[in-house]
Protein chains: 6
Amino acid sequence: MQTPSISRFAPPALADLPKDVRERIEAVQEKSGFVPNVFLALARRPEEFRAFFAYHDALMEKPGGLTKAEREMIVVATSAVNNCHYCVVAHGAILRIRAKNPLIADQVAVNFRKADLTARQKTMLDFAIKVAARSHEIDERDYAALRAQNFSDDDAWDIAAIAALFAMSNRLANAFSIRPNDEFYNMGREPRA
Amino acid sequence: MQTPSISRFAPPALADLPKDVRERIEAVQEKSGFVPNVFLALARRPEEFRAFFAYHDALMEKPGGLTKAEREMIVVATSAVNNCHYCVVAHGAILRIRAKNPLIADQVAVNFRKADLTARQKTMLDFAIKVAARSHEIDERDYAALRAQNFSDDDAWDIAAIAALFAMSNRLANAFSIRPNDEFYNMGREPRA
Amino acid sequence: MQTPSISRFAPPALADLPKDVRERIEAVQEKSGFVPNVFLALARRPEEFRAFFAYHDALMEKPGGLTKAEREMIVVATSAVNNCHYCVVAHGAILRIRAKNPLIADQVAVNFRKADLTARQKTMLDFAIKVAARSHEIDERDYAALRAQNFSDDDAWDIAAIAALFAMSNRLANAFSIRPNDEFYNMGREPRA
Amino acid sequence: MQTPSISRFAPPALADLPKDVRERIEAVQEKSGFVPNVFLALARRPEEFRAFFAYHDALMEKPGGLTKAEREMIVVATSAVNNCHYCVVAHGAILRIRAKNPLIADQVAVNFRKADLTARQKTMLDFAIKVAARSHEIDERDYAALRAQNFSDDDAWDIAAIAALFAMSNRLANAFSIRPNDEFYNMGREPRA
Amino acid sequence: MQTPSISRFAPPALADLPKDVRERIEAVQEKSGFVPNVFLALARRPEEFRAFFAYHDALMEKPGGLTKAEREMIVVATSAVNNCHYCVVAHGAILRIRAKNPLIADQVAVNFRKADLTARQKTMLDFAIKVAARSHEIDERDYAALRAQNFSDDDAWDIAAIAALFAMSNRLANAFSIRPNDEFYNMGREPRA
Amino acid sequence: MQTPSISRFAPPALADLPKDVRERIEAVQEKSGFVPNVFLALARRPEEFRAFFAYHDALMEKPGGLTKAEREMIVVATSAVNNCHYCVVAHGAILRIRAKNPLIADQVAVNFRKADLTARQKTMLDFAIKVAARSHEIDERDYAALRAQNFSDDDAWDIAAIAALFAMSNRLANAFSIRPNDEFYNMGREPRA
């Protein structure tokens, strides 16, 4: 078997990229030790690359009411609904690391209802899954369920927006056959110290 | 009945917005004669606003193999699958104008298979709908069907990316109950000159 | 592009039709200024034509607890679930006129949950959609929800029967590719005086 | 257990019915030995009753390319998709009698693909099921499949119209909880002579 | 038409079977007067045959809180969801006999919600259908609904296990095209004495 | 958080089990170093336990045309369709070991179409998924697709029977909330030597 390709669309050479895009890629490589394939795959279109990661960072990296682990739970749960190979594997790794829990990502990906989560987190994922799968049926009762678990209105926005962002991301990764790097599969699987 | 609200999340006052966001909104107001509600609704989060419209412009406004009317067809067809009130009404208006066809938006929204489209355009929408509804089943046969209608690889990327972007946009508008401006309903309905 | 055909089944010549069928068609033409294509398409089978319009008039034109606008809401909402091009466009026009509301038809067609309707009307459409999409699960709880909104038993029959009639009508129009007349698209879109 | 009711809507007394409706009911009673409950249930609304049975007779009783047994196959197969208790049981009885085959109705109701049918009849039912379940996707390829099995255009109309009529009938019987008469269950089950 | 085959996989000759398998088959033949085809079809693989019928007997023949008729209701209702020709027809016959009710099997097969069942039995079937169709969503609320109808924990296990066993059995019968014996169709249809 | 329970049904004490059941459990413990929870959960019913594992061994452990890794692929792919936490995690571990591939289980669980499989293995999984999800539509074309990839009739039986067995197993594990042992998550993840 040959080395599998990163995506069905050939990624650009790093040297050909605009400086800001190349620097962003080099920064993630420095931090992670490798370049996650989604960076290379999307760099084929620098403007879309910039918008994608700006959106991602605005939702996933900023301060806010949701922990970073909770945001990754939303990503993994909704990406599993969309059968997105890249996102489940890559964000599963990030979830394990951020939650410091080597089991949680596989649990959330297969069936979050059986995962080792709090009732509050399950309410959060119920809402996220509804955004992913049948957003047109969302109404104030869904927001009331979040409030009953002490989610603020801004938390509700975050949950919906993260689920929506990955509705996009999952479709890009599926349509373009973006392959998760082999490194992701085992990241964060060592037991908690 | 009171004036219905723009969104379930109160929009910010224009005066409170960062300058670039406010200027973007003023520019669209100047061009359209009114501020489309999605601008106000998303301005509540300036960083997300910037990323959203940067992505939008990168796909919808740039030159490329698809006509601007065809891009709007993708938006209307996939937004109808997601029952997105805002996107079907607002982009339906833009489609009528760009296609110079007062009937096409309603046709595409209800059932693109019965719309006055070319076979090539129906192939484009078959692909877009598959991205919207079951992207995990996309494979090289889908790309071959596009090529057989003379869509380039870059056109295929555009179709997929537009469908993916509105997978996000539809979920935001549905979850946030963003209401289309009354002005959109009748835009472009006058017969072709 | 040629003049598109009214239906995949060639309609009969008016002169060849039985007198009562022809007179019914001439009457609608006089009233509307044009002959809605469903009349010509179904006239190919005079006996079915007579039964169809007798059923239609018995439910849509008689006095009763539902307003005529409400009956058209049922038609538009359920026809949208069935992706019926003819019925959404033609009955959307009638709904705009009967409700004296230029926005309501597009709202109901895309997602009645976001439309400018009363809670009572949304309950009516919840029931109608259940008849259209999963009638075998209807039970007395559904009737109780109608009663709680002051719908009588006869109103409940009307809602169910209208949804059922258009379950038939949508399938005929879809299977026969009956095309809505161009006139329908813009009817009733002028703002309320 | 009490005698179960015919329908959730109380049927009218025969003596209170218009003469033509009463005579139609008496005629079927004479022929069958009992009054099928759908006649009593729908007689609550004489105008709708007349239209319903006029439509029914126009499609089910007239001469034409489909045998009467084949028409009942369409009814049973589509009514099973809609989980219609009344129609599967009552028309299952008629199918057994018209096909002179005591097994065929149960086979068609559970899975027509495994039933003792000809390839031509399975093509007919493929089309009928598509009309019942996703009529908006019907296109000329479906009609070509019928032609390849020597169905005429008028046969195609009949198949679609019967499936559409029972799309209505199934929803009425489900929503109104119309109960099949006990007599239907065993009719036509005696082996062929 | 030729004698239809028992299954798409040729059944073995009785004489070639291991003694215990042959004796099991002869015992059922003696009791029923014929050999149900599932015995012959599965005997092609003696080890699987032994496990299948051991499982079946452990759930269907043992003493327990559910009556034997109720167990057959579970089989018929879930097999209908899976469109299993063999299981609906064969277990429909057993249900009629065990319930001493000639109508019940057809009612349960088409729509158990409209069948002549107690509220307790409908709760049992709601649970069984959920096991059949979306077991991953089962949670303690489903068990609470059973307890509210006086089902014990062991009854709940039985309901789930029977639904699960026939999830397997339905798929085998469907994939292997196992045909129900003609004898089953009319068994138990004579009215109660 | 307390130690999570093995299942919602309390497992029996080993000492209380029949000798053969206890010995089977001790044997697996010796081999694996721990007792997989499904053994303890199902041991609550010794007869069902015996039948379950007899069936399992007859299909998963015997010689045959499918490799043991391929059989586990079928289990993981179909269990993912059913969102079965226990089966995806436990059999994912076994698949990694049998395939000597640390990545394959996660790939197959999320979307086998994107997994590092041969075309022949994807054909095998297409068939298995059809057995899992819509077995009533299986016909000879599905068997022909298997034959075209050199699967024998006995291989086809094995694929269908494994998918059917886990249709049962998934529903048991989901309904009983059987929790996979923590040990499974990391088994077989070390890279190939």
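Select N150(D): is N150(D) buried or exposed? N150(D) is exposed, with a relative accessible area of 66% (exposed means over 50%, buried under 20%, partly exposed in between, using a 1.4 Å probe and protein chains only).

A quick note before moving on: this is a predicted model, where local features need pLDDT of at least 70, side-chain atom pairs count only at pLDDT 80 or more, and totals for chains, interfaces and linings use all residues. Residues are numbered from 1 along each chain as its sequence is written, chains are lettered from A in the order in which they are written, and side-chain values use heavy atoms, leaving out hydrogens and water.

Stay on N150(D) and check its backbone: phi is near 65°, a positive value in a residue other than glycine. Most residues other than glycine have a negative phi. N150(D) is in the loop between α8 (140–147) and α9 (153–175) of chain D (helices are DSSP runs of H or I, at least four residues, numbered from the N terminus).

Next, select S177(D), in the loop between α9 and α10 (182–186) of chain D. S177(D) isn't a glycine either, yet its phi is positive, about 50°. At 28% relative accessibility, S177(D) is partly exposed.

Last stop: select R113(D), K114(D), K122(D), S177(E) and D139(F). Of the 33 residues lining the second largest pocket, these lie nearest its centre. (On a 1 Å grid over the protein atoms alone, a pocket is an open set of points where a 1.4 Å probe fits, with protein on both sides within 12 Å along at least five of seven lines; lining residues have an atom within 4 Å of a point.) Now colour α7(D), which gives the largest share of that lining, four residues.

Note on methods
Helix = DSSP H or I, 4+ residues; strand = E, 2+ residues; numbered from the N terminus.
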